[in-house]
Amino acid sequence: MRLREQVALVTGAASGIGRQIARTFAREGARVAVADLDRGGAEEVAAALCAEGRQAIPVIMDVTDEAQVQTGIARVLDTFGRMDILVSNAGIQWVCPLEALSLQDWRRVLAVHLDGAFLTTRAALQQMYRQGGGSILYMGSVHSKEASRLKAPYVTAKHGLLGLARTVAKEGAPHGVRANVICPGFVRTPLVERQIPEQARALGISAEAVVREVMLRETVDGEFTTMEEVAEAAVFLASFESRALTGQSLVVSHGWFMQ
Ligand code: NAD
């Protein structure tokens, strides 16, 4: 078990990639805080892990709300006494051409990705500095490196996470804190299922064409990235033994983006 006795907080863990990371971390021996604004979903994920004999708690928080993040992280510390890993994963998508994008929608997407990453990072660092170390993972995307049409606030936010991770890597190093970004290609989660018909409408093509021509065309094998593949990258980065691996971004995309 690669994360034995580690305490991990995973945001957006009621669904999709975050849920899979929570499961994989728990199976690797971590005690997991399943954080989400979806109360029912977070409770269900944590209960299922406990039923398998793992240690998990639901933590209900909107990552854009400063007070809820503080309270949520205090609950993790009350329950488990420490925090070794933060996975800042909660995210939303909004498909809209720039000329029609409202300021409200722009701000909403940036807030979940960037305010959420900042607020959870700040609270995690305060604890990690007290305990002398930790590992922070941000859920970036190939859209941290590449742009796509119709996704301006998402692409902007995902690029921004690279800057945050690199800054945390520098400020955190003297305290034993590492920070890295995972950059998945398209993964078939509810976030992606919702955007297939939205993109089809916006681009005037079929849903099949969105999958084939927009989402998977540049991959080496025409395959979606799986939640398990992203979770495996998260375990690798979180459990890496030395401080050499920090300030980096790891692309897991079936070759869609190569660097
Ligand atoms: P998802 O919709 O399945 O899950 C997202 C979760 O985040 C949901 O449980 C939702 O309730 C939660 N959430 C949303 N806003 C929140 C908030 N303000 N506070 C707390 N929780 C909130 O999506 P997913 O595909 O699993 O996405 C997870 C992360 O992976 C996101 O950051 C996304 O940008 C990123 N990502 C996804 C893909 C993909 O293809 N699915 C690719 C690259 C990166």
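**Domain contact, ligand surroundings and salt bridges**

Across the interface of domain 1 and domain 2, zero salt bridges are found, a salt bridge being a side-chain nitrogen of Lys or Arg within 4 Å of a carboxyl oxygen of Asp or Glu. The model is predicted, with local features needing pLDDT of at least 70 and side-chain atom pairs counting only at pLDDT 80 or more, while totals for chains, interfaces and linings use all residues. Residues are numbered from 1 along each chain as its sequence is written, and side-chain values use heavy atoms, with hydrogens and water left out.

The two domains themselves are worth a look at this point. Domain 1 takes in 7-184 + 226-252 of the protein chain, and domain 2 takes in 188-224; these bounds come from an automatic or database domain assignment. Between the C-alpha centres of domain 1 and domain 2 there are 25 Å. To their contact (heavy atoms within 4.5 Å), domain 1 gives 12 residues and domain 2 gives 10 residues.

About 740 Å² is buried between domain 1 and domain 2, with 68% of it on carbon and sulfur atoms; buried area here is the accessible area (1.4 Å probe) that two parts lose on being put together, summed over both. On the side of domain 1 that touches domain 2, the elements giving two or more residues are helix 1 (16-27) and helix 8 (227-239). Helices (H or I, at least four residues) and strands (E, at least two) are DSSP runs, numbered from the N terminus.

The side chain of Ser15 has an N or O atom 2.6 Å from an oxygen atom of the ligand. For Asp36, a side-chain N or O atom is likewise 2.6 Å from a ligand oxygen atom.

Over the whole structure, the search finds 12 salt bridges. Arg2 and Glu28 form a salt bridge, their closest N and O atoms being 2.9 Å apart. This pair links distant parts of the chain, 26 residues apart: Arg2 belongs to the segment before strand 1 (7-11), and Glu28 to the loop between helix 1 and strand 2 (31-36).

Terms used: A polar contact is a pair of N or O atoms within 3.5 Å; within protein, one must be able to donate a hydrogen and the other to accept it, and residues adjacent in sequence count only if both atoms are side-chain atoms.
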